[in-house]
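Welcome! Let's take a friendly look at how charged side chains pair up in a protein model.

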Amino acid sequence: MTRRSTFRPGSASEVPLTQDQTIKWLLDRSQRTNRTVPIRRAFVQDTEDGPILQQKPGPLSQLMRHERALDLLLLMYAVTSGGDFGVTERAETWGRASGVSFKIDGSASAPVSRLWRKLEDLQLIERSFEGRFLKVTKLLEDGSGKAYTRPTGSENSRKDVYFQLPYQYWDNELHKKLRMPAKAVMLIGMSMRKAKFPIVPETYEKWYGISQATLRRGIDQLVEAQLLDEVDQEVFVTGETATGLGTRTLYAFRPPYHLNVNKADRDGADGTGEQPSSDSPGAQPIFSQPSPVFPALGGFARRPK
């Protein structure tokens, strides 16, 4: 259902709402009873069908230099929960919500429009005007420009696998506290849908289209913010070492950001640090085995000499 403000001018204060007040108002109207936002995995890593399944970076990689646009997109995902998956609001509302403008003199539309234009260029949204109001409708998260549909989560369709971003992301003000590298790694980690998972910058640069340096900064920022913990080590088979074995760290999200765990992990969790299954993006090129107990080796993949 299209959300539209019922505000009428005439009695408004000259002091606008704050960013946090605006976001809370938008989220409270979203009517999502579970207070989570479903996002298809194709947003961070997409696939192309064919004789051999091809994986490629999703639209997230094109937003790494556009943090405000990502913030606006995630919020728009949260408040478009049904109907035609559109939302109709004033430019000033989105200006406050994104933090780019708190002006009430009509000038807020320009900076907000630049953010929407970036998202429109990536075919993640489409825009239309209704008088002074702008209607924004979300499209499929893969950037194909196709009309949005609810994801089913079916494992038979990789395009329909999704993860959930909890409203605590905004409640805890992570949209302001986290920097772009941390936001990207958070979305990548959630998209894997594993209880614990590796993040290997050397390999993930290709899978997700995000530089190794950015991935490393993102991991450090999430650990520092206490969203992510180093919980285990595992040995994996690799052709890049003399022994054919490498060692890497496994990470896990802290509650409430740990909600994206697939059924296989929920049913079979045994603490062995198992390798991500075939439904996890990026699992195919690396084969691993449960590791014995290792001393802490830091946050990234380590290679035995």
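Here is a short tour of some salt bridges and of how exposed their partners are.

Keep in mind that this is a predicted model. The structure holds 17 salt bridges, and the points below visit a few of them.

**A link between two helices**
- Lys183 and Glu67 join their side chains in a salt bridge, with 2.7 Å from N to O.
- This pair ties together distant parts of the chain: Lys183 sits in helix α7 (residues 180-192), Glu67 sits in helix α2 (residues 67-79), and the two are 116 residues apart.
- Is Lys183 buried or exposed? Lys183 counts as buried because its relative accessibility is 1%, and buried means under 20%.
- Glu67 is partly exposed, as its relative accessible area is 27%.

**The pair of Glu92 and Arg90**
- The side chains of Glu92 and Arg90 form a salt bridge, at 3.1 Å from N to O.
- Glu92 has a relative accessible area of 12%, so this residue is buried.
- Arg90 counts as partly exposed, with a relative accessibility of 26%.

- Which residues are linked in a network of salt bridges with Asp20? Glu173 and Lys176 are linked with Asp20 in such a network.
- Within this group, the side chains of Glu173 and Lys176 meet in a salt bridge of 3.9 Å, N to O.
- Glu173 counts as partly exposed at 28% relative accessibility.
- Lys176 is partly exposed too, with a relative accessible area of 41%.

Technical notes: Residues numbered from 1 in each chain as written. Predicted model: local features only at pLDDT ≥ 70, side-chain atom pairs only at ≥ 80, totals over all residues. Heavy atoms only, no water. Salt bridge = Lys/Arg side-chain N within 4 Å of Asp/Glu carboxyl O. Helix = DSSP H or I, 4+ residues; strand = E, 2+ residues; numbered from the N terminus. Buried < 20%, exposed > 50% of the residue type's maximum accessible area, 1.4 Å probe, protein only.
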